[in-house]
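Notebook open, structure loaded. I want to jot down what I look up as I go.

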Amino acid sequence: MILGGFLLFSVSIGGTIAWVFSKLFQHTTQGLSLLCGGFLVGLLILDIIPSSFHLYKSFGLILGILIGYLIFQLLNSLLHASHTQNPSATLLAIAIIIHTIPISLTVGNLLGNSALSITITASIILHHLPEGFALSTALLSQGERLWRLFLYFIAFSIFFSIFIQIGQYWELTEKSQGLLMGISIGLIATASISEFILHHFRSVTRKSFLTYILLGYFLSYVFHMLIE
């Protein structure tokens with residue numbers, strides 16, 4: 001639960017930074033969505049995809065990415081058909097939770113090593129800053145209230161804590177971890193490109209379109225340097 005509290009603190013910092021940017025772009029929800037899309041693409045290119053292919057075998061990741069794409073198409077159809085509020089943000093939240101599962105289980109396996117406790121804590125705080133920023137930007141771009149953001153963060157930290165506890169007693173195989181990571185990559189990639197970028201392609205000028213996306217990418221680079 002303590003590590004879950006650190007995660008809550010981390011995503012809240014990311015959410016606060018996103019809130020500041022939402023005030024800068026308060027007159028254009030399209031700009032905030034494009035910023036989120038550019039940030040997510042940068043997060044994938046700079047951090048998630050390279051580290052995943054370094055840790056896991058290519059076949060499992062590629063298979064997971066294809067499954068993630070199919071899951072996105074299915075969930076996207078169901079959420080839009082049921083008129084779910086903020087379907088794009090819901091899809092992103094699901095992707096981030098799946099992305100967290102292998103990390104949480106690994107942390108659970110390492111908890112017995114006291115020498116790694118400080119390293120694990122620091123890693124949790126830094127690693128989940130981008131997730132907090134991305135999810136908050138997605139929700140704020142769709143007019144979500146701050147108190148509901150905090151509820152998302154609490155649920156996120158609870159999921160994290162539960163899978164840490166599971167990780168203490170059950171070790172997920174490397175193939176399964178790679179598959180889950182691939183699914184999260186597929187979901188994040190399709191959600192960012194389809195829901196946050198292409199969806200607003202015609203709603204802003206070409207110059208603004210590129211500016212918001214590149215700004216989001218630059219912010220992901222800043223977060224990447226902080227994590228490194």
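Is leucine 215 buried, partly exposed or exposed? I looked it up in what is a predicted model. Leucine 215 comes out as partly exposed, because its relative accessibility is 29% and the buried class stops under 20%. I found leucine 215 in helix α9.

**Overall layout**

Next I stepped back to the whole chain. I count 9 helices and 0 strands in the secondary structure. Read from the N terminus, the order is α-α-α-α-α-α-α-α-α. The protein has 228 residues, and 47% of them count as buried.

**Helix α6**

I then picked α6, which covers residues 129-141. Its 13 residues reach 18 Å from first C-alpha to last, close to the 18 Å expected at 1.5 Å a residue. How many of the residues of α6 are buried? I get 13 of the 13, so α6 is largely enclosed by the rest of the structure. After α6 comes glycine 143, and I noted that its phi is positive, near 80 degrees.

**Aromatic rings**

I went through the ring pairs and got 4 of them in the structure. One is phenylalanine 39 with phenylalanine 223: the ring centres are 5.4 Å apart and the planes sit at 85 degrees, so I wrote this pair down as edge-to-face. This pair links distant parts of the chain, with phenylalanine 39 in helix α2 (residues 29-55) and phenylalanine 223 in helix α9 (residues 206-227), 184 residues apart. I checked cover for both partners. Phenylalanine 39 counts as buried at 0% relative accessibility, and phenylalanine 223 is buried too, with 6%.

Another pair is phenylalanine 201 with phenylalanine 209, where I read 5.1 Å between ring centres and 90 degrees between planes, so this pair is edge-to-face. Which of these two partners is buried and which is partly exposed? Phenylalanine 201 is partly exposed, with a relative accessible area of 30%, whereas phenylalanine 209 counts as buried at 9%. I also noted a charge by this ring: arginine 206 lies over the face of phenylalanine 201, at 4.3 Å from the ring centre.

Back to the first pair for a moment. I see Phe39 and Phe223 forming one aromatic cluster together with Phe133.

**Helix α7 and the surface**

My last stop was α7, residues 146-169. Which residues make the nonpolar surface patch of about 560 Å²? I listed Ile158, Ile162, Ile166, Tyr169 and Trp170. From that list I looked up isoleucine 166, which is found in α7. Isoleucine 166 counts as partly exposed at 30% relative accessibility.

I have glutamine 168 down as partly exposed, because its relative accessibility of 38% falls between the 20% limit for buried and the 50% limit for exposed. I also checked glutamine 168 against serine 104: they are 64 residues apart along the chain, and 9.8 Å separates their C-alpha atoms.

Notes: Residues numbered from 1 in each chain as written. Predicted model: local features only at pLDDT ≥ 70, side-chain atom pairs only at ≥ 80, totals over all residues. Heavy atoms only, no water. Patch = residues over 30% accessible without salt bridge, like charges linked within 9 Å, V, L, I, M, F, W, Y side chains within 5 Å. Areas by Shrake-Rupley, 256 points an atom, 1.4 Å probe, with all protein chains shown as cover. Salt bridge = Lys/Arg side-chain N within 4 Å of Asp/Glu carboxyl O. Helix = DSSP H or I, 4+ residues; strand = E, 2+ residues; numbered from the N terminus. Buried < 20%, exposed > 50% of the residue type's maximum accessible area, 1.4 Å probe, protein only. Expected span 1.5 Å × (residues − 1). Phe/Tyr/Trp six-rings, centres within 6.5 Å; stacked < 30°, edge-to-face > 60°. Lys NZ or Arg CZ within 6 Å of the ring centre and 35° of its normal.
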